[in-house]
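Work through the two exercises below with the model in view, and compare each step with the solution that follows.

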Amino acid sequence: MADGVLGGALEFALETLSPTRCAGCERPGALICDRCLSRFQLIDPRLSCTRCGAPFGSLLCTECQGEHGACERVLAAASFEDPVPRIVRAYKDGGERRLAPLIADLLLDTAEHAERVAPERYGGILSAADAITFVPVTAEAFRRRGFDHMEDVARAFSGRSGTPLVDALIKHGRADQRALGRAGRMAAGRDGYEVAAEVGGKHLLLLDDVITTGATMNAAASALLAAGAARVDALALARVWGS
Ligand SMILES: [Zn+2]
Ligand SMILES: [Zn+2]
């Protein structure tokens with residue numbers, strides 16, 4: 001098929017009309033430029049809080065006081081500081097869906113790096129996971145944005161890591177009375193999450209974009225555990241920290 005040639009020509013035409021700009025700084029060129037990538041405040045998995053993903057929480061995390069949530073371990077790639085908020089906005093609200101595979105790559109690098117340098121803390125977080133799942137948006141947000149941003153990331157992440165994706169969670173918004181099918185009633189989770197897939201006995205890796213308090217992630221993880229998941233680890237692009 002001439003898909004590659006055609007795709008290339010189309011890409012060239014679009015590129016000429018509106019050149020790709022960096023989601024972090026608007027400079028023309030790459031979707032995330034090297035300068036912005038180098039400005040990521042990466043979290044060291046040897047020093048982070050394994051309960052909430054905060055940087056430097058290895059001894060005593062002042063944020064979660066060592067309280068154990070539903071997630072077994074939490075790992076975040078970077079602090080939610082410039083340029084990460086702009087990139088997340090460009091992806092979620094700006095609809096720049098080409099960012100999905102890049103974010104998936106960042107998450108994959110984060111998990112593999114953590115397993116390598118901190119095996120006693122994050123060992124098996126990806127390599128021992130039976131499946132990948134993600135924190136879904138509400139149906140209301142889905143209608144507004146036209147896509148579920150973490151679903152796209154999770155699909156790319158699953159493809160790259162070779163770990164199967166389970167589209168397990170349904171989030172109910174305030175105004176959302178979306179009818180659930182039979183599968184959706186398999187297990188009712190707390191805080192508006194329902195589990196609509198078989199997760200019994202599985203070690204899951206739950207993906208999300210930004211961890212603020214960890215409440216969302218833990219609510220989603222609680223629902224998965226209530227539906228029979230054996231363990232839920234969490235992996236996010238960023239952790240809100242300080243300020
Ligand atoms: Zn940039
Ligand atoms: Zn913590």
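A residue is called buried under 20% relative accessible area, exposed over 50% and partly exposed in between, with a 1.4 Å probe and protein chains only. This is a predicted model, in which local features need pLDDT of at least 70 and side-chain atom pairs count only at pLDDT 80 or more, whereas totals for chains, interfaces and linings use all residues. Residues are numbered from 1 along each chain, chains are lettered from A and ligands numbered from 1 in the order in which they are written, and side-chain values use heavy atoms, without hydrogens and water.

**Exercise 1.** Determine how strand β7 is covered and paired.

Solution. Begin with the strand itself, residues 231–239, of which 8 of 9 are buried; helices (H or I, at least four residues) and strands (E, at least two) are DSSP runs numbered from the N terminus. Next, take its partners, where pairing requires at least two DSSP bridges: β1 runs parallel to β7 with 5 bridges, and Leu 75 stands opposite Leu 235. Strand β6 (residues 203–211) is also parallel to β7, joined by 8 bridges, with Leu 205 opposite Asp 233.

**Exercise 2.** Describe the site of the zinc ion (ligand 2).

Solution. First list the donors, meaning N, O and S atoms within 2.8 Å of the metal (3.2 Å for Na, K and Ca): the SG atoms of Cys 49, Cys 52, Cys 61 and Cys 64 coordinate the ion at 2.2 to 2.4 Å. Then read their spacing in sequence, which is C-x2-C-x8-C-x2-C. Finally, check burial: Cys 49 and Cys 61 are both buried.
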